[in-house]
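Here are my notes on the model you sent. Please read them with the coordinates open.

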Amino acid sequence: MQPVFIFRHADGAGPGYLAEFLAGRRVPLELFRLDQNETMPATLAHASGLVVMGGPREASAAAGSPTFERECELVVEASDRGLPVIGHGFGAEIVCLALGGSVATDPNREIGWFPVRAAEGTLAKRWWQDLPADTEVFHWRDTALSRPPAADALIKGDQVQGDQGFVLDKVLAVQCHLQVTAKMVTEWVARYHEALRPADGPSGRVQTETEITRALPQRVRALRRIADPFYTHWLEGFGERPESK
């Protein structure tokens, strides 16, 4: 099987649990460390899927930069080839913009463990089958997505006017962080401690380091029960390579 290509924007913001999930299914991966100026592939002809990870904007490709534009081009190529694509966090923003959606700054930012719920619609219900109507996931966001045309909303959050996740054919974008491990969460709150200042806006929610790391092993285990079915749905049809459009 050809590898899944993974684009990383920051040290410590790699695929996390998704790498474990793929390894358990014997799906190989190839990591491109964009934060270390590694060159992106010229084509996705030798990939079986594409993953776009997150990271802080100052450490990520800025909109309009050659790196950002090239990532968007590869997202479109992957979608056209019918490859599974997934974006996490900032990666979800890249996927959203590449496919014609929009991203806006949200003053009601969220950092910490907060509930999300299934969006309306038959497709969302299928993805959320056997999952609780409201479930807690890890957030680190200050933007809101408006999904691309023809995409179906998948995840809604109480504090977000747009969507926190959408699906379009084999493309999945999740603004919340299903991939985090306990180590990743601990490193993020230590590395980006300044972000944990009181939230802006009347509805913003930012937890303290103590709140975020409280019962962390149990929270991460619970997160797996959400991530597993989402990643499983994402891999449906994996390995099928229709002709490029």
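**Notes on strands and helices**

1. Strand S5 (residues 102-118) pairs with strand S6 (residues 134-146) in the antiparallel sense, over twelve bridges. Strands are DSSP runs of E, at least two residues long, and helices are runs of H or I of at least four, numbered from the N terminus. Two strands pair if DSSP finds at least two bridges between them. In S6, Glu136 stands opposite Pro115.

2. On the source: this is a predicted model, in which local features need pLDDT of at least 70 and side-chain atom pairs count only at pLDDT 80 or more, while totals for chains, interfaces and linings use all residues. Residues are numbered from 1 along each chain as its sequence is written, and side-chain values use heavy atoms, with hydrogens and water left out.

3. With strand S10 (residues 205-206) the pairing is parallel, over two bridges. Arg205 in S10 stands opposite Glu110. With strand S7 (residues 152-157) S5 pairs in the antiparallel sense, over three bridges. Here Ala118 has Ile155 of S7 as its bridge partner.

4. Now strand S9 (residues 171-174). Is S9 covered on both faces or on one? Both faces are covered: Val171 and Ala173 are buried on one side, Leu172 and Val174 on the other. Buried means under 20% relative accessible area (1.4 Å probe, protein chains only).

5. Check the turn between S8 and S9. The hairpin has two residues between the strands, and Asp169 takes a positive phi near 55°.

6. Helix H2 (residues 66-81) packs against helix H3 (residues 90-98) at an angle of about 70°, with the axes 9 Å apart. Axes are lines fitted to C-alpha atoms, for helices over the stretch in contact, and angles run from 0 to 180 degrees between N-to-C directions. H2 and H3 are therefore roughly perpendicular (65 to 115 degrees).

7. What meets what between H2 and H3? Phe68, Glu71, Cys72, Val75 and Val76 in H2 meet Ile94, Val95, Leu97 and Ala98 in H3. Contact means heavy atoms within 4.5 Å. By class, this contact has eight nonpolar, no polar and one charged residues. Nonpolar covers Ala, Val, Leu, Ile, Met, Phe, Trp, Tyr, Cys and Pro; charged covers Asp, Glu, Lys and Arg; the others, Gly among them, are polar.

Conventions: Buried means under 20% relative accessible area, exposed over 50%, partly exposed in between (1.4 Å probe, protein chains only). Angles under 35 degrees count as roughly parallel, over 145 as roughly antiparallel, 65 to 115 as roughly perpendicular and the rest as oblique.
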